[in-house]
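Hi everyone, thanks for making time for this. I'd like to walk you through one model, so please have a look at it before I start.

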Amino acid sequence: MGRRIHFVVDPQGWCCISLVIFVWLYNTIFIPKVILFPHYEEGHISVVAILSYYFCSLFCVASLLRASVADPGKLPENPKIPFTEREYWELCNKCNMMRPKRSHHCSRCGHCVRRMDHHCPWINNCVGEDNHWLFLQLCFYTQVLSSYTLILDFCHYYYFLPLKKENQDGFVFRHELALLRISAFMGLIILGGISGLFYAQLMGIFTDTTSIEKMSNCCEDISRHRKPWQQTFSEVFGTHWKILWFIPFRQRQPLRVPYYFANDV
């Protein structure tokens, strides 16, 4: 569960994720070439700064690609419902299939997803029970990489010593100012948008509610038992080891979620 390749045929989603990959490639290629490597060669920064940038970039694109192709929790056509849990399932009025409560039918993908949070065009996939942890990692590492890029753009002009070995004949160095402004502009836009999204996602996990549940106002039942935040985060990431919450290169092992915590969507 959660290990199958999930490919959504959606031209709009393809355009969105292509734009995200372009921004990632732009900064991953441009920032080291113009800022990191030249300043390292002249002794202004250490190799740790270069390795840290590439690690952030690697973790960011890994979480992006895995979130976009991971099965978000698509329900099979003929799910096997345990007899003791039948009262916690319901019939979807769109696809006429049985589904667990807190599932939702995605009109763009055309099927129900367990504990669906929302459909994200920027990863061209739904965010559901099996890939929510990867989406959170994507938001986190995107913020880290954007912040790091903005800091390097600022330091290049206002903190680091001027470079002495610039190749003035190269296209990149002849248009350095324009390229840095583009990088800073993209960094500010992405950082602002992702920060708001990441905050909303964290609040949803703290309160054990999805974005769809918030919009449908179905979680206002004050009698519903609230779980500790450590448990809700462990259920999303599939492990109680907090260090593993930051590692995208692993397989998620779903934790058993008692159905008495479920609520209708």
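First, the ground rules. This is a predicted model, so local features need pLDDT of at least 70, side-chain atom pairs count only at pLDDT 80 or more, and totals for chains, interfaces and linings use all residues. Residues are numbered from 1 along each chain as its sequence is written, and side-chain values use heavy atoms, with hydrogens and water left out.

Let's begin with the helices. Helices here are DSSP runs of H or I with at least four residues, strands are runs of E with at least two, and both are numbered from the N terminus. How are helix 1 and helix 2 packed? Helix 1 covers residues 11-41 and helix 2 covers residues 47-69; the angle is about 170° and the axes are 10 Å apart. That makes helix 1 roughly antiparallel to helix 2, a label for angles over 145 degrees. For the fitting, axes are lines through C-alpha atoms, taken for helices over the stretch in contact, and angles run from 0 to 180 degrees between N-to-C directions.

Which residues make that contact? Counting heavy atoms within 4.5 Å as contact, helix 1 brings residues including Ile17, Trp24, Asn27 and Phe37, and helix 2 brings, among them, Ile50, Tyr53, Ser57 and Leu64. By class, the contact has 16 nonpolar, four polar and no charged residues. Nonpolar here is Ala, Val, Leu, Ile, Met, Phe, Trp, Tyr, Cys and Pro; charged is Asp, Glu, Lys and Arg; the others, Gly among them, are polar.

Now the record. An unreviewed UniProt entry lists residues 12-31, 43-65, 138-159 and 179-200 as "transmembrane region"; such annotations may be inferred rather than shown by experiment. In the model, residues 12-31 are 100% helix and 0% strand, with end C-alpha atoms 29 Å apart. Residues 179-200 are also 100% helix and 0% strand, and there the end C-alpha atoms lie 32 Å apart.

On to the charges. A salt bridge means a side-chain nitrogen of Lys or Arg within 4 Å of a carboxyl oxygen of Asp or Glu, and the count is eight. One of them joins Arg108 and Asp10 at 3.0 Å, N to O. Arg108 sits in the loop between strand 3 and strand 4, Asp10 in the segment before helix 1, 98 residues apart. For accessibility, buried is under 20% relative accessible area, exposed is over 50%, and partly exposed is in between, with a 1.4 Å probe and protein chains only. Arg108 is partly exposed at 42%, whereas Asp10 is buried at 9%.

Asp208 bridges to Arg102 at 3.5 Å between the closest N and O atoms.

Finally, two single residues. Asn124 lies in the loop between strand 5 and strand 6. Is Asn124 buried or exposed? Asn124 is buried, at 5% relative accessible area, and its contacts beyond four places in sequence are Val8, Asp10, Gly13, Trp14 and Ser68. Gly43, in the loop between helix 1 and helix 2, is exposed at 58%.

Methods:
Parallel < 35°, antiparallel > 145°, perpendicular 65-115°, else oblique.
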